[in-house]
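Morning, everyone. I'll take you through one model today, starting with a sheet and ending with the chains.

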Amino acid sequence: MKKRKISLILATFLVATSILSGCSKGTDTKQSTESEKTSKNDPVTIVWKRGKDTTPATAKLIEAFEKKYNYITVEQEDLPATSSEQHNSYTTALAAGDDSVDVITMDVVWSSEFASAGWLLPLEKYFTESKQKEFLPGPIASVKYKDSIYAVPDWTDAGVLFYRKDLVTTPPKTYDELIKISKDNIGKNGIEQGFLFQAFQNEAIVCNALEFINGNGGNILDKDGNVVIDSVKSIGGIQIMKDLIDQKVSPKGVVTYKPQDCTDQFILGNTLFMRNWPANFAALNADSSAVKGKVGIAALPTGASGTQPGSTLGGWNLAINKSSKQPDAAWKFIEFITSEEGQKINAIEGAYMPTREKIYTDSEVLAKYPQLSDLLPAFKVAKPRPVSPYYSKISDAIQVNLHKALIGETSVAVAAKDTAKQLNEIINKK
Amino acid sequence: MKLSNNTENLKKRKTGFKEGIVERNLGYILLAPAVITIGIIAIFPILKTFWYSLFDMQLQNITSPRFIGIDNYIKLSQDTTFLQSLRNTVYFSVLSVILELLIGFIAALLMDLKFKGRAFLRATILIPWAIPGIIIALIFQYMFNDRLGIINVMLIKFHLINSPVLWLGTKGYAMWSVIVVDVWKQVPFMALILVAGLQMIPKELYESCDVDGATYLEKLFYITIPQMKPVIMVALLFRTMGAFKVFDTIYGLTGGGPGNSTSSISVYAYKTLFNDLDFGYGSTIAIATFVIIFILCLGYIKLLGTEKED
């Protein structure tokens, strides 16, 4: 009888704890869902989610904002570093109508997807046409969907070439030159490899591939929306990626590298060239870097059939969750971050490239990053990836097939043809 | 029987019309809370997912989902990515479960021996199993990095390989890296279940063997393993189910690459649901996963059932 009593007590205890542990989950979201009160200056908290920022920019921005609007508290939550993981974190929350996040940070390709799913608050009444004109055209195009505008461009990005200016006086203008200079320099001055780029099977490979393709005069879609990734010039561009690996100018490992992996190696001083996003410049010039002061930035090279260097338009935009309970406070925050003052803080503290053209001629910013004036023309012509609510599927088709080509499982031509076939299916189905 | 004791006690207290109803249905009444709970948290979502799989439902279209019946299932049967994911999952499950069983069994035999610190070892050996799968996957991803990872550094130092191997980016090696990581995580669990089974074997069986002059290996194959059959079946059931559902290890280590060569059916379902926002087709993949694992479980339980009747 005693044994049964003990087991009964134990069982009740287990059941009770399991029920109670399920109940306590809701408390941490309570803080951020205070409803908008009628009086304008009642204290309000908004939640801002973005990928982890390794620079002091985010903290400084929040500090400056809370000083100006002392009734608004900003809670910033970190998300994983990779774009795909942030995307999935948002989709699981927003699809359920979660209101625990007010301001979200979207990769430049998600606007049409999130807008057509009904997750974003349309911003026409806040973000008027005259205000839009102060921003760069590429990023503005990326936040529009159908007839409305859904986000404000926060910072922009475009793939650039990093090079060791202590070893290479003029950066190469073509990939053939790059290959030659690399081969001449491997084995000297601690250089073990020529060119690092990203070909991990996620958004990274799509961004890089687009630059090689555009740099060779090809494209994924032409201006009428037809699939041209299997054109001769596009195939030639993809072939350059394969040649770089085959000729041992780039390590085989590029198929597993994301932007951080490339920076981690370049910082050790064993690489001559790297394709990456400009924001990595801050890390390369940090005191702990072996290449501090030795890194130059230039436009990417062109392929044999290309006339203009490729540069994928990256960047991140700020939007308001449609279910947010304090849209006005959220808008004030977005307005501040994307104002001239906010973009200056972002640029100086975090090397985030501004989306307002005026900042590129600001003396304080140029003092710290003189290369910004060289980068502005590149940002103006940076090419966006295909705009579509089904961009995920398009990206997936490109990722899988191009990755197969780079690991040698299929030829480049076959990979391009497979991609074209799948892209046509996706585009024509809708 | 304990139940009849309760029944008699209740009978003594009850009077009137309802007398006898409770004790006749006592079994069902006591089971009801558990069955209802399982019904709500397990059966209902499965039915809802099956319902979604009958629609063309893409979250990007706020226009209502379109009913298409079994079209999604027809698409699934011709989907090369799904078939490849299924092949990968079977390959992964068979190899990792066999390895876990072998290594786990050896570990269990070692832990069965009496030595100082045995209790401590039995506790600490569970640590790999207790660490969340995604964290293990991310740490191992770093270790497998071709230029900066410790694994290549050590292998080159001990002259086992000449140049860095691209573990996670080469087709065959990536799957093996995934298997190694999963085996590392699951062996302790396997070993612990098997040790419990070893403890239950009556010592008299071994003693009578010693009288007849049996060797260690003879004792192992004629006593230990036959006696352990039920425990081995239970361990295999757990691990096979777990292996077929594998997600964290693969998603964290390779993301399904290179070129979808390590993509499992769970990873494919996840990508379809949350990357592509295709809830209709993603639910189809999820239901297919459920059906496959369910059939496997039924198979194991049937085997277990016939064992007990011996």
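Start at Trp48(A): its bridge partner in S3(A) is Val103(A). Keep in mind that this is a predicted model. The strands here are S1, residues 44–51, and S3, residues 103–107, both of chain A. They pair in the parallel sense, over two bridges.

Now zoom out to the sheet. It is open, with five strands in the order S2-S1-S3-S11-S6 of chain A, and the pairing is mixed. Which strands stand at the edges? Strand S2 (72–79) and strand S6 (152–158) of chain A do. Each has a single partner strand, so one side of each has no neighbour in the sheet. From one strand to the next, the twist averages 20°.

Next, a helix pair. H17 of chain A covers residues 391–406, and H18 of chain A covers 412–429. Their axes come within 9 Å and cross at roughly 165°. An angle over 145 degrees counts as roughly antiparallel, so that is how H17(A) runs relative to H18(A). The crossing is right-handed. On H17(A), the contact residues include Ile394(A), Ala397(A) and Ile398(A). On H18(A), Ala415(A), Leu423(A) and Ile426(A) are among them. By class, the contact divides into nine nonpolar, three polar and three charged residues.

Last, the chains. 21 residues of chain B are in contact with 29 residues of chain A. The chain B side has eight nonpolar, nine polar and four charged residues. Chain B itself is divided into domain 1 (1–37) and domain 2 (81–308). How far apart do the C-alpha centres of these domains of chain B lie? They lie 44 Å apart.

Terms used
Residues are numbered from 1 along each chain as its sequence is written. Chains are lettered from A and ligands numbered from 1 in the order in which they are written. This is a predicted model: local features need pLDDT of at least 70, side-chain atom pairs count only at pLDDT 80 or more; totals for chains, interfaces and linings use all residues. Axes are lines fitted to C-alpha atoms, for helices over the stretch in contact, and angles run from 0 to 180 degrees between N-to-C directions. Helices (H or I, at least four residues) and strands (E, at least two) are DSSP runs, numbered from the N terminus. Angles under 35 degrees count as roughly parallel, over 145 as roughly antiparallel, 65 to 115 as roughly perpendicular and the rest as oblique. A crossing is left-handed if the near helix is turned anticlockwise from the far one by less than a right angle, and right-handed if clockwise. Two residues are in contact if their C-beta atoms, placed from the backbone, lie within 7 Å. Ala, Val, Leu, Ile, Met, Phe, Trp, Tyr, Cys and Pro count as nonpolar, Asp, Glu, Lys and Arg as charged, and the others, Gly among them, as polar. Domain bounds come from an automatic or database domain assignment. Two strands pair if DSSP finds at least two bridges between them.
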